[in-house]
Amino acid sequence: MTQVLSLNLEEFYPKPIETVWQALTDPAAIAEWLMPCDFRPIIGHRFTIRGNATTNWRGWTTCVVLALEPPRRMEWQWESADIDEPTRVCFELRSVKGGTRLTLRHSGMTTRTDIESLSQGWPIKLRQLDDWITSRAPLAAGDDL
Amino acid sequence: MMPPSKATSDVFHAIADNNRRLLLGFLAHEARPVGACVEALGITYAAVSQHLSVLYAVGLVEREAHGRQRLYRARFEPLQEVHDWTGMYQTYWQDRLKGLGKYLNRSEDRE
């Protein structure tokens, strides 16, 4: 039994677009703000995000890189529950005054518990990404904008 | 995805981990950035980040944005729930101490 998933989150990061792009696409960075995984920034690459199972997550999510347009857009196929059709996550970046705006869209059809898990999980992960970008990201050109 | 599930988002779970208790102590008197927590605890950045999220979910830390810095500070109000719970067992110790008093009185009488 699946339902419509349609998450749309926006965040502002006080760093240049290249820095935010790096945080989204560097495997070491992803391991620190999202979860450990074998991501590679290559279209078609299949990877798995692993962690401790919870009451509403089985403990692994399989993904495929569907689109990669540095430094603006990345899309992943995402399967965190046993469903027929994978869902899709799209990260979009745009330079704005003083930093970068990220839009995260996660859509598709999935189970109710998966929707609950993703709706609670992404805001936490985006906050962790903000911590990472503001404390951990190496200084980049244009960082003093 | 790894959100704190309902089972793990209560204050008792939040303080059940030694590193999270250390974080609360470290953030008790001063708001500090994640990097300082990583240095102080000597564990990985990823672990500190997750521990802070658990504490944040139950309100045991608050987060302030200062320009490009993010600072965390401990908040102790949610611990009231723990305090109330342990309070229920205070009468146990009061009864034990009364018992000890009676015992001592009796032994004094015998001497």
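**Confidence**

I started with chain B, where the mean pLDDT is 90 and 92% of the residues reach 70 or more. This is a predicted model, so I wanted the confidence values in hand before anything else. Which elements of chain B have the lowest and the highest mean pLDDT? Helix α6(B), residues 90-110, has the lowest at 85, and helix α2(B), residues 18-26, has the highest at 97. For the complex, the predictor gives an ipTM of 0.84 and a pTM of 0.86. A reminder to myself: where pLDDT is low, the predicted coordinates should not be read in detail.

**Chain A, overall**

I went through the secondary structure of chain A next and found 3 helices and 6 strands. Along the sequence they come in the pattern β-α-α-β-β-β-β-β-α. I looked up the spans of the C-alpha trace of chain A along its principal axes, and they are about 50 × 25 × 25 Å. Then I checked the radius of gyration: a compact globule of 145 residues would have one near 15 Å, and chain A agrees because its own value is 15 Å.

How much of chain A is buried? Buried residues make up 34% of its 145 residues. I also looked at how far apart in sequence the contacts reach. Of the contacts in chain A with a separation of 6 or more, 51% are between residues 24 or more positions apart.

**Nonpolar cores**

The largest nonpolar core has 24 residues, and V20(A), A23(A), W33(A), W132(A) and I133(A) touch the most other members. The elements giving two or more residues to this core are α1 (17-25), α2, β4 (73-79), β5 (87-96) and α3 of chain A. Which element gives the most? That is α1(A), with 5 residues.

Leaving aside neighbours within four places in sequence, W132(A) is in contact with A23(A), A29(A), E32(A), W33(A) and A137(A). Two of these partners, A23(A) and W33(A), are also on the list of core residues that touch the most other members.

There is also a second, separate core of 14 residues, and L23(B), L27(B), Y45(B) and L60(B) are included in it.

**V65(A)**

I looked up V65(A), which is in strand β3(A), residues 60-69. Is V65(A) buried or partly exposed? V65(A) is partly exposed, because 19 other C-beta atoms lie within 10 Å and buried would take 20 or more. Not counting residues up to four places away in sequence, V65(A) touches I42(A), I43(A), G44(A), H45(A) and W76(A). I checked V89(A) too: V65(A) and V89(A) are 24 residues apart along the chain, and their C-alpha atoms are separated by 9.7 Å.

**The cis peptide bond**

Which residues of chain A does a cis peptide bond join? The bond joins P70(A) and P71(A), with omega at about -10°. I noted it down because most peptide bonds are trans. P71(A) is in the loop between β3 and β4 of chain A.

**Chain B, domains**

The contact between the two takes 7 residues from domain 1 and 5 residues from domain 2 of chain B. On the domain 1 side of that contact I find 5 nonpolar, 1 polar and 1 charged residues.

**L71(B)**

L71(B) is in strand β2(B), residues 69-74. With 18 C-beta neighbours inside 10 Å, L71(B) counts as partly exposed. What does L71(B) contact, leaving aside neighbours within four places in sequence? Its partners are A31(B), R32(B), P33(B), E64(B) and H66(B).

**Where A meets B**

Last entry: the contact between the chains takes 23 residues from chain A and 16 residues from chain B. On the chain A side, α2 (27-33) and α3 (112-135) are the elements that give two or more residues. Which of them has the largest share? That is α3(A), with 10 residues. By class, the chain A side has 7 nonpolar, 12 polar and 4 charged residues.

Methods:
Residues are numbered from 1 along each chain as its sequence is written. Chains are lettered from A and ligands numbered from 1 in the order in which they are written. This is a predicted model: local features need pLDDT of at least 70, side-chain atom pairs count only at pLDDT 80 or more; totals for chains, interfaces and linings use all residues. Helices (H or I, at least four residues) and strands (E, at least two) are DSSP runs, numbered from the N terminus. Ala, Val, Leu, Ile, Met, Phe, Trp, Tyr, Cys and Pro count as nonpolar, Asp, Glu, Lys and Arg as charged, and the others, Gly among them, as polar. A residue is buried if 20 or more other C-beta atoms lie within 10 Å of its own, exposed if 12 or fewer, and partly exposed in between; C-beta atoms are placed from the backbone. The radius of gyration is taken over C-alpha atoms; the globule rule is 2.2 Å times the number of residues to the power 0.38. A nonpolar core is a set of buried Ala, Val, Leu, Ile, Met, Phe, Trp, Tyr and Cys residues joined through C-beta atoms within 7 Å. pLDDT is the predictor's confidence in each residue, from 0 to 100.
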